[in-house]
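Please keep the viewer open as you read along.

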Amino acid sequence: MKVIKSIFLLSILLIGMSLSAKATKPAQLTVISYNIRYGEAQDGLNSWKYRYPASAMMIQDQAPDIFGLQEAYDYQKNYLEEYTHGYKSVGVGREDGKKDGEIMAIFYKTKRIKLIKWGTYWLSETPEKPSLGWDAACRRTATWALMKDKQSNRKFYYVNTHLDHVGKNAQRNGLALIVERIAKMNKENYPIVLTGDFNVSPDNPVLDGLNKCMQSARATAVQTDNSFTYNGWGKEFAVIDHIYYNGFSSCPVFEVIKKPYAERVYISDHFPVKAILVF
């Protein structure tokens, strides 16, 4: 009887230790930023109609908890929602605030992440309505969301954007607007992630203000990757896609995803970038 009782008590102790270990193990968030290349581009054999399966295969393989998608038209966003199991997304078209034009979408894995609220604003002098900002060549937006990580019960903000590719004032002022908006909305000092195609390299002065309040995953990851992110279908090379964060304890990994999918060397004219963040 004493032996049985001892075995029972030992079992309870081991279960308790296991539960305690799970409770104290820091939760990790896998994040991807991906410029999918807009579907209307006439890219020959690199056009969307030839390469679309590769994007879904990449997401299914990498299995991020959350990711920011740039340049996606409504049908591209819908395709990923349909063919990447377990994800939902938020975001609006930059031309009309509904479905027209490129969408800065945020995708999240519903089993892991709960959406609390979200919105979109334009990178311009009139951010609450569809508008062209400063010297920008195109309308640009930022989509934000307040999320809850179901594993850790931690709330965090996620912002996804695409800065202008031409206007230097638009790049600088657009990013300054994002930094200002983050400060205003995040009064609780929740962890925050910012992803996007910034169209500027890591040493560009446009990033100076951002670098004062957030950390670059590329620059701070324990295991990092210095590869280029823009490939121009193999003709041009630059580092312009970024993941920034604040309020997380560490960033163990930053990676440029160069793995081919659907036998395509380039699934877009940008390589996706991935970071693992620890709450």
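In this predicted model, the cover over the buried residues of helix H3 includes helix H2 (48–62) along with strands E2 (66–72), E3 (87–90) and E4 (103–109). The residues of H3 (74–83) that are buried are Asp 74, Gln 76, Lys 77, Tyr 79 and Leu 80.

Moving on to the sheet, six strands make up an open, mixed arrangement in the order E5-E6-E7-E8-E10-E9. Because E5 (113–122) and E9 (215–216) are at the edges with a single partner strand each, one side of each has no neighbour in the sheet. Strand E8 (192–197) and E10 run antiparallel and are joined by six bridges; Asp 197 has Asp 241 in E10 as its bridge partner. Across E5, E6 (141–149), E7 (154–162) and E8 lies helix H4 (168–185), at about 165 degrees to E7.

Now for a closer look at one residue of E10. Is His 242 buried or exposed? Its relative accessibility is 4%, and buried means under 20%, so His 242 counts as buried. His 242 sits in strand E10 (241–246) and, leaving aside residues up to four places away in sequence, touches several others, among them Ser 33, Leu 194, Phe 198, Pro 202 and Leu 207.

| Backbone oxygen | Side chain | Distance |
|---|---|---|
| Val 200 | His 242 | 2.9 Å |
| Ile 240 | His 242 | 3.4 Å |

Finally, Thr 229 is 13 residues from His 242 along the chain, and their C-alpha atoms are 8.8 Å apart.

Definitions and conventions
Residues numbered from 1 in each chain as written. Predicted model: local features only at pLDDT ≥ 70, side-chain atom pairs only at ≥ 80, totals over all residues. Heavy atoms only, no water. Buried < 20%, exposed > 50% of the residue type's maximum accessible area, 1.4 Å probe, protein only. Helix = DSSP H or I, 4+ residues; strand = E, 2+ residues; numbered from the N terminus. Contact = heavy atoms within 4.5 Å. Polar contact = N/O pair within 3.5 Å; in protein donor to acceptor, adjacent residues only side chain to side chain. Pairing = 2+ DSSP bridges. Axes fitted to C-alpha atoms, helices over the stretch in contact; angles between N-to-C directions.
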